[in-house]
Amino acid sequence: MNRVRKVQIKKVLITILFLIIAALIPVMLFLYAFQAKRYTDLTKEILSMEQKQEKLIEENKKLVSEISLLSSAERIEKIATEELGMHKAESDDIIRVEITGEKK
């Protein structure tokens with residue numbers, strides 16, 4: 001009787017094992033599909049960020065170029081003389097002021 005009972009228990013355990021494996025297959029497929037979608041979404045996000053980065057780099061290059069152009073000494077001198085009526089100081093135009101440390 002013991003031997004028959006052991007065989008029955010063994011059959012039940014094998015059946016339970018097969019049921020668990022059969023239940024795990026769809027779960028694994030679902031997880032695989034979920035990960036594949038997540039990977040695709042992240043790939044799209046990375047591509048979008050790389051394109052945005054390229055645009056920002058190009059914009060930065062243009063701004064650096066504009067800064068270089070606008071801060072050139074020739075341009076500043078031209079604006080100072082033509083628009084603001086300024087001129088280069090002559091040695092007679094320079095006044096030196098000395099401050100002494102005496103208090104009154």
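Analyst: A salt bridge is a side-chain nitrogen of Lys or Arg within 4 Å of a carboxyl oxygen of Asp or Glu. The model here is predicted, with local features needing pLDDT of at least 70 and side-chain atom pairs counting only at pLDDT 80 or more, while totals for chains, interfaces and linings use all residues. Residues are numbered from 1 along each chain as its sequence is written, and side-chain values use heavy atoms, leaving out hydrogens and water.

User: What makes Asp41 and Lys37 a salt bridge?

Analyst: The N to O distance between their side chains is 2.9 Å. That is within the cut-off, so the pair counts as a salt bridge. Both residues lie in helix α1. They are 4 residues apart, about one turn of the helix. By this rule, the count comes to 3 salt bridges.

User: Why is Lys37 called exposed?

Analyst: Exposed means over 50% relative accessible area, buried means under 20%, and partly exposed is in between (1.4 Å probe, protein chains only). Lys37 has 51%, so Lys37 is exposed.

User: Which parts of the chain does the salt bridge of Glu77 and Lys88 tie together?

Analyst: The closest N and O atoms of Glu77 and Lys88 are 4.0 Å apart. Glu77 lies in helix α2 (residues 73–83) and Lys88 in the segment after α2, so the pair ties together parts 11 residues apart in sequence. Glu77 has a relative accessible area of 42%, so Glu77 is partly exposed. Lys88 reaches 61% and therefore counts as exposed.

User: What makes up the secondary structure, and why is the chain called more spread out than a compact globule?

Analyst: The chain has 2 helices and 0 strands. The radius of gyration is 41 Å, well over the 13 Å that the globule rule gives for 104 residues, so the chain is more spread out than a compact globule. That radius is taken over C-alpha atoms, and the rule is 2.2 Å times the number of residues to the power 0.38. The C-alpha trace spans about 125 × 45 × 15 Å along its principal axes.

User: How many of the residues are buried, as a share of the chain?

Analyst: Buried residues make up 1% of the 104 residues. The accessible surface comes to about 11000 Å². Carbon and sulfur atoms hold 63% of that surface.

User: Which residues make the nonpolar surface patch?

Analyst: Among them are Ile9, Val12, Leu13, Ile16, Phe30 and Phe34. The patch covers about 1100 Å². Take Leu13, which sits in helix α1 (residues 2–70). Leu13 is exposed, because its relative accessibility is 54%.

User: Where is Ala23, and how far is Ala23 from Glu59?

Analyst: Ala23 is in helix α1. Its relative accessible area is 44%, so Ala23 is partly exposed. Ala23 and Glu59 are 36 residues apart in sequence. In space they are 55 Å apart, C-alpha to C-alpha.

Conventions: Patches are made of residues with over 30% relative accessible area and no salt bridge: like charges are joined within 9 Å, nonpolar side chains (Val, Leu, Ile, Met, Phe, Trp, Tyr) within 5 Å. Accessible areas come from the Shrake-Rupley method with a 1.4 Å probe; for residues, only the protein chains shown count as cover.
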